[in-house]
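Me: I would like to go through the labels used for this model one by one. Please set each value against its definition.

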Amino acid sequence: MNKIFGILALFCALIMAGTAVAATPQAGKPVQDKPEKSVDRVTVVSVTLEGTDSIGARLGTTLKDRFNKSSLFTLNDDEEKDVAKLYVMIETKPEFPGRPGVGSVYSVCWVFKQGKGYLGYLLARDLGTINYEDVDGLVDRLVERTDGIAAKYSSLWK
């Protein structure tokens, strides 16, 4: 009986040693401190802005800057490139024409276009008012919505 327990103990010790060796990192391969975030999709985006008010101009430039810094998007405003892209079309007007710095009315349309010469496909739209202090918050929402639209209609890019 003691022999059986001895054999079982030896067997368990060998199994534990085998799993410990398998769990240790291989020599020559450094272990990452943190996992890398891999992005399997990058959306080509073009931002067009129509409007003459200063709040709308800030909205358009801030949105372009945010897309340019993001790893989820590639900003491409070149019309000559024949690539499929998501157009973010923004139009702004002063909320009160007599007081242009008070607020703006904006309209955003997300349009997919397969390439140069193709008809665009309207994916989503948004409309609202904004003041100067709320531009950064609106840009965050527009980038998030653009990513959601790109994920939802990802089959169009294939």
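**Labels and their cut-offs**

Reply: Helix α2 (residues 54–69) packs against helix α3 (residues 135–152) at an angle of about 45 degrees, and their axes lie 10 Å apart. Axes are lines fitted to C-alpha atoms, for helices over the stretch in contact, and angles run from 0 to 180 degrees between N-to-C directions. This is a predicted model: local features need pLDDT of at least 70, side-chain atom pairs count only at pLDDT 80 or more, and totals for chains, interfaces and linings use all residues. Residues are numbered from 1 along each chain as its sequence is written, and side-chain values use heavy atoms, without hydrogens and water.

Me: Why is α2 called oblique to α3?

Reply: Angles under 35 degrees count as roughly parallel, over 145 as roughly antiparallel, 65 to 115 as roughly perpendicular and the rest as oblique. The angle here is about 45 degrees, so α2 is oblique to α3. The crossing is right-handed, a term for a near helix turned clockwise from the far one by less than a right angle (left-handed if anticlockwise).

Me: Which residues of α2 and α3 meet?

Reply: From α2 come I55, R58, L59, T62, L63, R66 and F67; from α3 come V135, D136, L138, V139, D140, L142, V143 and T146. Contact means heavy atoms within 4.5 Å. By class, this contact has nine nonpolar, two polar and four charged residues. Ala, Val, Leu, Ile, Met, Phe, Trp, Tyr, Cys and Pro count as nonpolar, Asp, Glu, Lys and Arg as charged, and the others, Gly among them, as polar.

Me: What makes up the secondary structure of the protein?

Reply: Three helices and five strands. From the N terminus they run α-β-α-β-β-β-β-α. Helices (H or I, at least four residues) and strands (E, at least two) are DSSP runs, numbered from the N terminus.

Me: Why is K85 called buried?

Reply: Buried means under 20% relative accessible area, exposed over 50%, partly exposed in between (1.4 Å probe, protein chains only). K85 has 1%, so K85 is buried. K85 lies in strand β3 (residues 85–94). Beyond four places in sequence, K85 touches V44, S46, N76, D78, V111, F112, K113 and W157.

Me: What makes D126 partly exposed?

Reply: The relative accessible area of D126 is 26%, so D126 is partly exposed. D126 sits in strand β5 (residues 121–130). Leaving aside neighbours within four places in sequence, its contacts are Y106, S107, V108, W110, L142 and R145.

Me: How much of the protein is buried?

Reply: Buried residues make up 27% of the 158 residues.
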